Amino acid sequence: MSMELSSEQREELLRTLKARFEKNLNRHKGLEWAELQARLEANIAKLWSLNEMERTGGEPDVIGYDNKTGEYIFYDCSSESPKGRRSVCYDREALESRKEHKPDNNAIDMAADMGIELLTEEQYRELQQYGNFDMKTSSWVQTPDRIRRLGGALFCDRRYDTVFVYHNGAESYYAARGFRGSLRV
């Protein structure tokens with residue numbers, strides 16, 4: 001897979017991101033599109049990752065700016081877990097442990113291939129401040145090593161106006177569970 005976007009793809013992605021930026025100003029108060037666009041145009045590899053987020057249904061949007069590093073922070077902001085990233089188990093170890101009915105992929109490897117990271121539980125809760133996400137689906141989140149070593153993995157969703165964190169065997173996968181990512185530009 002080519003990790004380069006054509007000029008047409010870059011322009012289309014920037015139009016999409018700008019429209020989403022302008023439609024959801026509550027997610028990034030005080031930030032200016034022109035500054036963000038300049039940063040994106042100077043980081044072609046990050047644009048490719050954002051395109052992968054978009055292509056798989058994540059609807060990435062800026063949710064903040066890190067004053068210490070000078071980076072813009074993007075999260076997947078699709079209302080439900082991205083469609084192109086569902087029906088995956090947690091990681092490669094979990095995938096390889098399945099004897100039959102293996103999913104096509106796993107969340108950790110997919111995220112790495114896209115150049116993004118799974119949201120942490122804290123980031124997932126932060127995202128929920130900007131809307132109601134995963135009302136019908138759920139999303140894998142980064143799992144602490146001590147839980148993963150015991151065979152488990154964590155996922156989150158929003159029900160009853162509350163964010164819930166659950167556990168499951170890392171090898172499990174469901175049509176309504178995917179993962180959300182983050183990217184720093």
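The legends below describe close-up views of a predicted model. Local features are given only where pLDDT is at least 70 and side-chain atom pairs only at pLDDT 80 or more, while totals for chains, interfaces and linings use all residues. Residues are numbered from 1 along each chain as its sequence is written, and side-chain values use heavy atoms, without hydrogens and water.

**Figure 1. Overall fold of the protein chain.** The protein chain has seven helices and eight strands (DSSP runs numbered from the N terminus: helices are H or I with at least four residues, strands are E with at least two). Its radius of gyration, taken over C-alpha atoms, is 16 Å, close to the 16 Å that the globule rule gives for 185 residues, so the chain is as compact as a globular protein of that length. The globule rule is 2.2 Å times the number of residues to the power 0.38. The C-alpha trace spans about 50 × 40 × 30 Å along its principal axes. Of the 185 residues, 47% count as buried (under 20% relative accessible area; exposed is over 50% and partly exposed lies in between, with a 1.4 Å probe and protein chains only).

**Figure 2. The largest nonpolar core.** A nonpolar core is a set of buried Ala, Val, Leu, Ile, Met, Phe, Trp, Tyr and Cys residues joined through side-chain atoms within 4.5 Å. The largest one has 34 residues, and those with the most contacts inside it are Leu36, Leu40, Leu50, Phe74, Trp140 and Phe179. Elements that give two or more residues to this core include helix 1 (7-23), helix 2 (33-41) and helix 3 (44-55). A second, separate core has twelve residues, among them Tyr75, Tyr124, Leu127 and Val163.

Figure 3. Trp33, Leu36 and Leu40 of helix 2 are buried. They lie on the same side of the helix, because they cover an arc of only 65 degrees around the axis (taken from the directions from the helix axis to the C-beta atoms). Ala34 and Glu35, on the other side, are exposed. The buried residues pack against helix 1, helix 3, strand 1 (60-66) and strand 2. Beyond its neighbours within four places in sequence, Leu40 is in contact (heavy atoms within 4.5 Å) with residues including Leu14, Leu47 and Val185.

**Figure 4. Two non-glycine residues with positive phi.** Asp134 has a phi of about 60 degrees and sits in the loop between helix 6 (121-127) and strand 4 (138-141). Asp134 is buried, at 0% relative accessibility. Tyr160 has a phi of about 55 degrees and is found in the loop between strand 5 and strand 6 (162-169). Tyr160 is exposed, with a relative accessible area of 78%.
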